Amino acid sequence: MILKLLRQATPYWFLLPGLFILGTLLSVPLYKVIEYSLYDNVIIEPDPTFVGLQNYADMLGDSGYWSALFNTAVFTIGSVVGHLLVGTILAMLVNADIHPKARTVFRSLLILPWIFTAVVVALNWQLLLNPFGVVNYALQSIGLVSEPLDWLGDPDLAMWSLLIISTWRGYPFIMVSFLSGLQSIPSELYEAADIDGANFFHKFWHVTVPQLKPVIYGVALLDLIWTFQLFPLVWLTTGGGPGRSTEVLSTLTYRLAFVDFEFSRASTAAVTILGISAIFTMLYLINESRNRT
Amino acid sequence: MSNIAIRNLVKRYGAIQVLHGIDIDMQPGQFTVLVGPSGCGKSTTLRMIAGLESVSSGEIIIGDRVVNDLRPKDRGIAMVFQNYALYPAKTVYQNMAFSLKLARVPADEIDKRVRDVADILELHELLERKPGALSGGQRQRVAMGRAIVRNPEVFLFDEPLSNLDAKLRGQMRAEIKLLHQRLKNTIVYVTHDQVEAMTLADQIVVMRGGVIEQQGTPDEIFHDPANEFVAGFMGSPPMNIADAVVDKGGIRMGESVLACQIPSGVAEGDSLRFGMRPDDIHLCDGSVVPGVRSRVIVDLVEQLGTEKLVHFKLDGVPVIGKADGRAVIQAGDSVEMAFDTEQAFFFNPDNGGRIR
């Protein structure tokens with residue numbers, strides 16, 4: 001009897017080391033962040049004071065937090081919409097019936113933004129969008145602007161510039177995901193639609209979109225989760241500025257922790273990121289399990 | 001109802017030519033079946049009629065219009081696809097109504113037409129279901145409904161029964177035939193199944209390698225094949241065909257000589273291909289059976305119910321004949337088979353052409 005139980009337990013012994021490492025790496029920091037958010041003067045003081053939910057109450061009264069939350073919403077939704085729009089259009093273009101060699105070239109080129117690290121992307125775009133950079137030069141040459149624009153330094157333009165950079169950086173994931181979805185749509189459906197008298201837009205709405213629907217929802221949620229937490233691209237291009245005009249929750253957390261050394265407040269902001277991400281993740285998991293059944 | 005005329009139709013994919021200038025005439029209301037082995041160009045021809053493939057050269061005329069450059073929706077056709085191609089996210093009703101909606105037909109007219117067709121095809125209980133919740137046969141019927149509801153001049157069917165099991169295939173075959181009798185539309189139907197071709201068609205077009213081997217009524221194709229390919233392709237089990245040499249008063253296969261009427265134009269000693277359908281080779285079981293008799297050893301007996309297929313060798317050449325379903329016969333038996341040589345076919349060994 002005991003032997004039998006031991007034998008049944010064998011696989012779980014093999015799982016233990018993995019579970020231990022993962023558990024420690026995930027749960028300890030998670031626990032610590034939540035704990036820090038309930039104290040004052042953590043890390044700096046050897047004996048921090050327990051303040052309960054006071055940090056949360058302070059945060060809710062802080063206009064900086066609300067502006068960061070609003071910016072995060074604009075940045076996240078704007079980026080995801082941008083990724084979806086550009087990704088869909090490009091996926092359809094590279095799925096078109098063109099010469100196989102040309103198709104391979106286009107697919108490889110269009111996936112490039114994805115393989116650069118965020119630092120390289122940020123630095124390149126900083127150079128491009130510099131008042132003396134290529135973008136301003138080009139716009140002036142064709143007469144669209146009379147004097148150079150400070151794309152990343154002007155509070156009215158900075159968020160738009162950030163959205164363009166984020167869209168450029170993030171569309172390949174959507175493109176690749178949709179491309180595989182598009183390739184699985186039987187060509188007979190489009191032919192049937194042709195015979196039924198459908199034009200390009202009818203086919204897009206009545207064949208492509210319904211067929212891609214399971215992919216669209218899952219991929220959009222995944223993108224939402226990633227973009228919501230995105231830090232390096234924002235930090236390295238605008239740094240959350242000018243002023244607070246592009247400050248998002250992730251840059252706010254970083255600034256509070258490593259610029260202002262307010263680790264408790266940083267932890268509090270981080271916990272809100274965690275909470276909102278957890279909701280998106282739950283939605284994603286529910287969608288995935290629904291797709292599987 | 002429209003006639004279809006195909007004139008010197010050619011299809012090239014780059015340097016590869018898959019249709020070599022074919023001509024077909026289909027009368028209004030006629031059921032034409034394009035049949036042939038894989039890669040013979042039958043589906044390509046159908047897709048060119050539909051407007052899903054471009055025409056390299058030649059003409060496709062539907063009614064009195066050359067439709068080469070018309071879009072599929074303007075050709076007055078409806079098509080039933082091999083895999084049905086129903087819109088998965090739409091209900092049966094929406095699938096059938098889609099083309100009418102795009103054509104801006106008034107909603108009450110759409111509703112009437114969809115429900116009328118649903119009545120014809122007994123689909124009314126399925127109208128709110130999606131294709132995923134239908135069986136193969138039901139999907140097939142919806143695909144036909146979607147085609148009928150458009151009231152087209154011409155129906156195109158691309159191997160519509162190939163995904164169904166044998167029983168359902170027989171059932172749907174009969175339904176398609178009944179539907180044709182009722183609606184009397186011109187139908188072009190592609191299949192590789194010669195039973196479908198024989199049972200459904202008013203006219204059969206047998207194709208191979210992008211050319212037409214023969215076109216005619218099922219009777220003509222079966223009983224008067226133009227060449228060895230058509231003779232061998234149509235009929236199940238296939239025609240027995242073997243090398244033979246013209247002998248005095250008959251033909252010789254190895255050491256065996258079968259007495260038969262030799263066609264004019266061949267002389268003693270000439271080589272030819274000799275063909276006989278299994279239906280014309282019968283077991284001599286006491287009843288009066290016409291034909292030249294020969295004693296053979298049975299290799300295999302296949303029971304089909306109403307008849308048995310008798311496999312044996314005639315001087316090393318494998319041959320299939322038939323026996324009554326109740327005949328007592330088994331492998332290893334020595335039996336007499338009667339060859340009704342009046343029904344024999346002779347083919348040119350070089351080009352497969354019929355020698356009459």
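This is a predicted model: local features need pLDDT of at least 70, side-chain atom pairs count only at pLDDT 80 or more; totals for chains, interfaces and linings use all residues.
Helices α3(A) and α9(A) are oblique to each other, a class left over once angles under 35 degrees count as roughly parallel, over 145 as roughly antiparallel and 65 to 115 as roughly perpendicular. The pair packs at an angle of about 140°, with the axes 9 Å apart; α3 covers residues 63-94 of chain A and α9 residues 200-228 of chain A. Axes here are lines fitted to C-alpha atoms, for helices over the stretch in contact, and angles run from 0 to 180 degrees between N-to-C directions. Helices (H or I, at least four residues) and strands (E, at least two) are DSSP runs, numbered from the N terminus.

Residues are numbered from 1 along each chain as its sequence is written, and chains are lettered from A and ligands numbered from 1 in the order in which they are written.

To return to the helix pair, α3(A) passes α9(A) in a right-handed crossing. A crossing is right-handed if the near helix is turned clockwise from the far one by less than a right angle, and left-handed if anticlockwise. On the α3(A) side, the meeting residues are A:Thr72, A:Thr76, A:Ser79, A:Val80, A:His83 and A:Leu84. Facing them in α9(A) are A:Ala220, A:Asp223, A:Leu224, A:Thr227 and A:Phe228. Two residues are in contact if their C-beta atoms, placed from the backbone, lie within 7 Å. By class, this contact has 5 nonpolar, 5 polar and 1 charged residues. For these classes, Ala, Val, Leu, Ile, Met, Phe, Trp, Tyr, Cys and Pro count as nonpolar, Asp, Glu, Lys and Arg as charged, and the others, Gly among them, as polar.

A second pair in chain A is formed by α4 (residues 100-115) and α7 (residues 155-183), at an angle of about 120° and with axes 7 Å apart. That angle makes α4(A) oblique to α7(A). The crossing of α4(A) past α7(A) is left-handed. From α4(A) come A:Leu110, A:Ile111, A:Pro113 and A:Trp114, and from α7(A) come A:Trp168, A:Arg169, A:Pro172, A:Phe173, A:Met175 and A:Val176. Here the division is 9 nonpolar, no polar and 1 charged.

How does chain A touch chain B? The contact involves 14 residues of chain A and 17 residues of chain B. On the side of chain A, the elements giving two or more residues are α8 (187-196) and α9. The largest share, 7 residues, comes from α8(A). That side has 7 nonpolar, 3 polar and 4 charged residues.

I now turn to chain B, which has 8 helices and 21 strands. Its C-alpha trace spans about 75 × 45 × 30 Å along its principal axes. Among contacts in chain B between residues at least 6 apart in sequence, 65% join residues at least 24 apart.

One open sheet of chain B has 6 strands in the order β6-β7-β8-β3-β9-β10, with mixed pairing. Two strands pair if DSSP finds at least two bridges between them. Its edge strands are β6 (77-80) and β10 (211-216), each pairing on one side only. Neighbouring strands of this sheet are turned by 15° against each other on average, direction ignored. At one end of the order, β9(B) (residues 203-208) and β10(B) pair in the antiparallel sense over 5 bridges, with B:Met207 opposite B:Ile212.

Elsewhere in chain B, β11 (residues 240-247) pairs with β14 (residues 271-276) in the antiparallel sense over 6 bridges. B:Ala242 has B:Phe274 as its bridge partner in β14(B). Strand β11(B) is also joined by 3 bridges to β12(B) (residues 250-253), again antiparallel, and B:Asp247 stands opposite B:Gly250. The hairpin of β11(B) and β12(B) has 2 residues between the strands, and B:Gly249 there takes a positive phi near 75°.

Finally, B:Met239 lies in the loop between α8 (228-233) and β11 of chain B. Is B:Met239 buried or exposed? It counts as buried, because 21 C-beta neighbours lie inside 10 Å. A residue is buried if 20 or more other C-beta atoms lie within 10 Å of its own, exposed if 12 or fewer, and partly exposed in between. Leaving aside neighbours within four places in sequence, B:Met239 contacts B:Ala231, B:Gly232, B:Gly275, B:Met276 and B:Arg277. Buried residues make up 41% of the 356 residues in chain B.
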